[in-house]
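This report describes selected helix contacts, salt bridges and individual residues. The sequence and structure are shown first.

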Amino acid sequence: MRKSIFIAAGLLFSISTQAQLLDMIKSTVKDKTGIDLNTPPATKGSTTTTTSTTTATPTKSSPANLGNLTSTQISSGLKEALSIGVTDGVKKLALTDGFLKNEAVKILMPEKLRKIDTTLRSIGMGSLADEGVKLLNRAAEDAVTEAAPIFTNAITSMTITDAKNILLGTDNAATNYLQGKTQSQLFTAFQPKVKASLGKVGADTVWKNLISKYNTFTGQSVTTDLNEYVTTETINGVFKMVADKESGIRNTPAMRTTSILQKVFGAQDNK
């Protein structure tokens, strides 16, 4: 019996000593490494619930909510905006003084012929110079009525391959895209219309007289291709009007007069 008591006491002493040694080891590890061996490591896949004073930051979504729009819808909206811009622009430009009294699109004397204007005015023939400029604008106002179907065809056949970037681009991004893709084709198709209008309003005759008088007075031989010049300026004038309309549709919800415009351009309001 006494022997059993001694054996039991020895075991208790051994266990106690081991526990003290283990505590000393844990304390040393914590002091040296900062790792608390008393806290069991989280097992893989386990969930630890903690209370944090900071809230999780939600995933930031794109400011422009285009998620529900397809590229086809965006393309249709852009094309509709361009078509409306062409229709409205041509309607305004085709009026009498539509070009002449609109400083944003008024066709001035060709740059290479500006010296003709100065010379004619210096010899009291300013009225002839004014008539020349007026008839350039009258030719544009007459020819631009033929521009609508040419522009519309260009818009309809245009493939907008990067519709989302155009939608989220600058205020006239779609107009710039159209101009870059169709300028040369528009020029080729529109030039005969301008040539006819130059003859119709008498601009070609007046300019022949104007240049002839200048050449006689100065002894020079100035020539210019009025058809090319007026064609380019008329097309640029239409694009200017389209760009203004596009900007309006982008920035003024009231100008979005159809459901596709409301849906597409409404998505870019917070871009």
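## Packing of α2 against α10

Helix α2 (71–93) and helix α10 (residues 259–266) pack at an angle of about 115 degrees, and their axes lie 9 Å apart. Helices here are DSSP runs (H or I, at least four residues), numbered from the N terminus. Axes are lines fitted to C-alpha atoms, for helices over the stretch in contact, and angles run from 0 to 180 degrees between N-to-C directions. The crossing in which α2 passes α10 is left-handed; that term applies if the near helix is turned anticlockwise from the far one by less than a right angle, and right-handed applies if clockwise.

On the α2 side, the contact (heavy atoms within 4.5 Å) is made by Gln 73, Ile 74, Ser 76, Gly 77, Leu 78, Glu 80, Ala 81 and Ile 84. The α10 side contributes Ile 260, Leu 261, Lys 263, Val 264 and Phe 265. By class, the contact of α2 with α10 holds eight nonpolar, three polar and two charged residues. In this division, Ala, Val, Leu, Ile, Met, Phe, Trp, Tyr, Cys and Pro count as nonpolar, Asp, Glu, Lys and Arg as charged, and the others, Gly among them, as polar.

## Basis of the model

The model is predicted: local features need pLDDT of at least 70, side-chain atom pairs count only at pLDDT 80 or more, and totals for chains, interfaces and linings use all residues. Residues are numbered from 1 along each chain as its sequence is written, and side-chain values use heavy atoms, with hydrogens and water left out.

## Packing of α4 against α7

The axes of helix α4 (residues 126–143) and helix α7 (residues 173–200) come within 8 Å and cross at roughly 125 degrees. That angle makes α4 oblique to α7; angles under 35 degrees count as roughly parallel, over 145 as roughly antiparallel, 65 to 115 as roughly perpendicular and the rest as oblique. The crossing of α4 past α7 is right-handed.

Leu 136, Ala 139, Asp 142 and Ala 143 form the α4 side of the contact. They face Phe 190, Lys 193, Val 194, Ser 197, Leu 198 and Lys 200 of α7 in this contact. The contact of α4 with α7 comprises six nonpolar, one polar and three charged residues.

Ala 203 is located in helix α8 (residues 203–218). With a relative accessible area of 0%, Ala 203 is buried; buried means under 20% relative accessible area, exposed over 50%, and partly exposed in between (1.4 Å probe, protein chains only). Leaving aside residues up to four places away in sequence, Ala 203 touches Leu 135 and Leu 198. The C-alpha atoms of Ala 203 and Leu 135 are separated by 5.1 Å, although the two residues are 68 residues apart along the chain.

Thr 231 belongs to helix α9 and is likewise buried, at 0% relative accessibility. Beyond residues up to four places away in sequence, Thr 231 touches Phe 187, Phe 190, Gln 191 and Val 194.

## Salt bridges

Eleven salt bridges are present in the structure, each defined as a side-chain nitrogen of Lys or Arg within 4 Å of a carboxyl oxygen of Asp or Glu. One of them joins Arg 121 and Asp 130, at 2.4 Å from N to O. Arg 121 is partly exposed, with a relative accessible area of 39%, and Asp 130 is partly exposed at 41%.

Lys 134 and Glu 131 meet in a salt bridge of 3.4 Å, N to O. These two residues are separated by about one helical turn because they are three residues apart in helix α4. Both Lys 134, at 31%, and Glu 131, at 29%, are partly exposed.

In helix α9 (residues 226–251), Lys 240 and Asp 244 are four residues apart and so are separated by about one helical turn. The closest N and O atoms of their salt bridge are 3.1 Å apart. Lys 240 is partly exposed at 33% relative accessibility, as is Asp 244 at 42%. Elsewhere, salt bridges that share partners join Asp 97, Lys 101, Arg 138 and Glu 141 into one network.

## Backbone of Asp 97

Asp 97 lies in the loop between α2 and α3 (114–122) and is partly exposed, with a relative accessible area of 22%. Its phi is near 75 degrees, a positive value in a residue other than glycine. Most residues other than glycine have a negative phi.
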